[in-house]
Amino acid sequence: MTTHSFGESSTYILPSKKNEKLLVRKWNACEIPKGIIIAVHGGMAHSGDWHLPAQFYNQKGYELHALDLPGHGTYAEINPGKKNLLDIESFDIYVEHVHDLVNSVQSESPDLPIYIFGHSMGGLIALLYGLGLGKDQKYIRGFGISAPWLKNRTKSPVPAFIVNLLARFLPTLAVPLKIDLSHLTHDQAVLKKHQIDIDYGLRGRVTTPRFALISQQAQDHLEAELSNWKDYPLAVVIAGMDHLADSQFTRAQMHRIQSPIIQYRYYEDNLHENFNEINRQEAFQYIFDSLQM
């Protein structure tokens, strides 16, 4: 099995209730681990995107485990007959996979604290997890989120009623989704790696009408519930020049929570991928300090 190495120490397979295999990359701590980070990647991305955060947090004494979500990364490669496609029947499925990974890691290392990280769509998933299946878990100590995809930055060129019709009658219709890589980060070396990932098929470029509908439902659900966040410290880094997630909406949501355990930092000049930006070390340290890791 080709896993396209991203400096991880090892990989393993997380089985799912739908008899699908999900690849997990693990980056070991540089010393006896103090804790574990479970990381959730963004839409059309993959687990290898966490290699730069892993380097930082490994040096701080933390393992990092990141999985390829269904339809992403190595998913088609290790699940014959499947394909990489930004599509899911419900965001609950993503949340369940995160829960399964958390439980797996916790059973292997029951004495270590766990932190949940997420970027973009992964940030949306992580927050849904914290308000749902992950609620009241004593071993989870905090959430670190980058550029959460709480609201789309741009409106769809297709009217909502047409999207709804397509989602009903042609839910899995393949729809090309173009993203300008230059909108992701100012780091040119990272952009070159992203292009290589596209060439290898690790980064997706196709979505479905169903995904447009259920992702909006997930965002609406989180907007309604986020003010109830109270169980875990939460540190969010927001990209001021984000072309994908609405950064002003995210700031408004952070202010709406009104809780001392919620912190955020707004990086005015950052593009969407805070953890791949030129100032990423500052963002990593901010989350580390905010969560008192």
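In which kind of crossing, left-handed or right-handed, does H5 pass H7? The model here is a predicted one, and in it the crossing of H5 and H7 is left-handed.

Helix H5 covers residues 160-169, and helix H7 covers residues 209-225. Their axes lie 7 Å apart, and the two helices pack at an angle of about 115 degrees. Because of that angle, H5 is roughly perpendicular to H7. On the H5 side, the residues that meet the other helix are Val163, Asn164, Leu166 and Ala167. On the H7 side, they are Pro209, Arg210, Ala212 and Leu213. Sorted by class, the contact of H5 with H7 holds six nonpolar residues, one polar residue and one charged residue.

Arg210 leads on to another part of the model, the second largest pocket. This pocket has a volume of about 280 Å³. It is lined by 14 residues, and the closest to its centre are Glu20, Tyr75, Lys82, Asp87 and Arg210. The lining as a whole has seven charged, five nonpolar and two polar residues.

A second pair of helices can be read in the same way. Helix H3 runs over residues 91-108, and helix H4 over residues 121-131. Here the packing angle is about 75 degrees, and the axes are 9 Å apart. This angle, too, makes the pair roughly perpendicular. H3 brings Phe91, Tyr94, Val95, Val98, His99 and Val102 to the contact. From H4 come Met121, Leu124, Ile125, Leu128 and Tyr129.

What classes do the residues of the contact of H3 with H4 divide into? There are 10 nonpolar residues and one polar residue, with no charged residue. The contact of H5 with H7, in turn, includes one charged residue.

Conventions: Residues are numbered from 1 along each chain as its sequence is written. This is a predicted model: local features need pLDDT of at least 70, side-chain atom pairs count only at pLDDT 80 or more; totals for chains, interfaces and linings use all residues. Side-chain values use heavy atoms; hydrogens and water are left out. Axes are lines fitted to C-alpha atoms, for helices over the stretch in contact, and angles run from 0 to 180 degrees between N-to-C directions. Helices (H or I, at least four residues) and strands (E, at least two) are DSSP runs, numbered from the N terminus. Angles under 35 degrees count as roughly parallel, over 145 as roughly antiparallel, 65 to 115 as roughly perpendicular and the rest as oblique. A crossing is left-handed if the near helix is turned anticlockwise from the far one by less than a right angle, and right-handed if clockwise. Contact means heavy atoms within 4.5 Å. Ala, Val, Leu, Ile, Met, Phe, Trp, Tyr, Cys and Pro count as nonpolar, Asp, Glu, Lys and Arg as charged, and the others, Gly among them, as polar. On a 1 Å grid over the protein atoms alone, a cavity is a set of points where a 1.4 Å probe fits but cannot get out, and a pocket is an open set with protein on both sides within 12 Å along at least five of seven lines; lining residues have an atom within 4 Å of a point. Grid points are joined across faces, edges and corners, and a volume is the space filled by probe spheres set on the points.
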